[in-house]
Amino acid sequence: MIDITKLLHITRSKKKRQENRRLEKVQNQRRKLASEFEQLNQCVEREQEAVLSRLAEEERDIQQKLSANIAAFSEHVSTLKGLLKEVAERCVMSEVRLLTDIQSLLHRCDSLKTPAVYSIQLRREGCSLPPQYSALQKIIQKFKEEVTLDPETAHPNLLVSEDKKSVTFARKKQRVPRNPKRFMVDPVVLGSEGFHYGRHYWEVQVGDKPEWAVGVCRDSLSRKGKRPRSGQSRRWTIQLQNGDYVAQGAVTVTLVLKEKPRGVGIYLDYELGNISFYSLNDRSHIHSFTDKFSEVLKPYFYIRRDSKPLTVCAVRDYEA
């Protein structure tokens, strides 16, 4: 016979344990959130102090330069007044004496240079929070891709590694089969993966290569180096060329970066029409393109004439 009292007691105990577990979860979550908010507050305070310190230093530098500039102009004005006074005095002299001394005065006037005007260019400042407080970490965790290189698209001067993760430039052209997919003018190789929907993220290690370009392109990009019509973009990349960082899409935009990125993270949102680039130094945002996509897009890699490799690296989640 079932003991109702015992059964009720067991049920209540079980329910109480469940409630205690839920309560403990809530308390743990509260403690975790409190800790995260405390860390975030500390991070914001440190960042604020650093930014304000840099601004104060910049203000002091500007004040010093402005003071030096004002002093230079004051001295210049004083010299001009002195010359004007001499000219006025010489005007009442006899013609012979005036002609005798005028050469010296003219030489001093010709050699007098106006001080350069000091122009102020403020440094761009902003708040940079760790990746765990940004959407990028969620993107990395959810949409990371295992991108590989497609040797069939590689220019004859490019050597693709066996694991299809790295590419280098070879001075001697390789004997490769003729292939309509192969780039024959520009030293380019594409990724094997084609994206025609969804969201995708991958990373490329560029190291200290002097020239490179990474991003995405339409699969229909000309292999013979033909340029698309004006205003029509078939590739969206960031590149290092002649020492300058440039975003290349329908229009070219010169980028000003705080430091040289050793690697680049690339995020594609096909439906949204967005391509974003991040520096792997600190996961900071570099540049974004917005466009409309209607065909397959492929990872794009442009390698210039140097022996240093460009590598598609394994995407690792950021750990604080």
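**View 1. Salt bridge between Arg223 and Asp219 in the predicted model.** Arg223 and Asp219 form a salt bridge in which the closest N and O atoms are 3.6 Å apart. The structure is a predicted model. Arg223 has a relative accessibility of 10% and counts as buried, because the cut-off for a buried residue is under 20%. Asp219, at 31% relative accessibility, counts as partly exposed.

**View 2. Salt bridge between Glu295 and Arg234.** The closest N and O atoms of Glu295 and Arg234 are 3.9 Å apart, and the two residues form a salt bridge. Glu295 belongs to the loop between β11 and β12, and Arg234 to the loop between β5 and β6 (235-241), so this contact ties together parts that are 61 residues apart in sequence. Both partners have some accessible surface: Glu295 is partly exposed with a relative accessible area of 25%, and Arg234 is partly exposed with a relative accessible area of 30%.

View 3. Over the whole structure, a search finds nine salt bridges.

**View 4. Salt bridge between Arg304 and Glu211.** The side chains of Arg304 and Glu211 meet in a salt bridge, with an N to O distance of 3.2 Å. This pair links distant parts of the chain, 93 residues apart: Arg304 sits in the loop between β12 (297-303) and β13 (310-313), and Glu211 in the loop between β4 (199-205) and β5 (212-218). Arg304 has 27% relative accessibility and counts as partly exposed. Glu211 has a relative accessible area of 18% and is buried, because the limit for that class is under 20%.

**View 5. The hairpin of β10 and β11.** Strand β10 covers residues 274-279 and strand β11 covers residues 285-290; the two pair in the antiparallel sense over five bridges. Within this pairing, Tyr278 stands opposite His285 in β11. Five residues lie between the two strands of the hairpin, and in the turn Arg283 has a positive phi of about 60°.

**View 6. Aromatic pair of Phe277 and Phe289.** A search of the whole structure finds six aromatic pairs. In the pair shown here, the ring centres of Phe277 and Phe289 are 6.0 Å apart and the ring planes stand at 85°, so the arrangement is edge-to-face. Phe277 is in strand β10 and Phe289 in strand β11, and the pair links distant parts of the chain, 12 residues apart. Phe277 and Phe289 are buried.

**View 7. A cluster of aromatic rings.** Trp236, Tyr270 and Phe293 are linked into a cluster by ring pairs.

**View 8. Ala71 of helix α1 and Pro115.** Ala71 is located in helix α1, which covers residues 4-90. At 43% relative accessibility, Ala71 counts as partly exposed. The C-alpha atoms of Ala71 and Pro115 are 10.0 Å apart in space, while the two residues are 44 residues apart in sequence.

Note on methods. Residues are numbered from 1 along each chain as its sequence is written. This is a predicted model: local features need pLDDT of at least 70, side-chain atom pairs count only at pLDDT 80 or more; totals for chains, interfaces and linings use all residues. Side-chain values use heavy atoms; hydrogens and water are left out. Two strands pair if DSSP finds at least two bridges between them. Helices (H or I, at least four residues) and strands (E, at least two) are DSSP runs, numbered from the N terminus. A salt bridge is a side-chain nitrogen of Lys or Arg within 4 Å of a carboxyl oxygen of Asp or Glu. Buried means under 20% relative accessible area, exposed over 50%, partly exposed in between (1.4 Å probe, protein chains only). Rings of Phe, Tyr and Trp (its six-membered ring) pair if their centres lie within 6.5 Å; planes under 30 degrees apart count as stacked, over 60 as edge-to-face and the rest as tilted.
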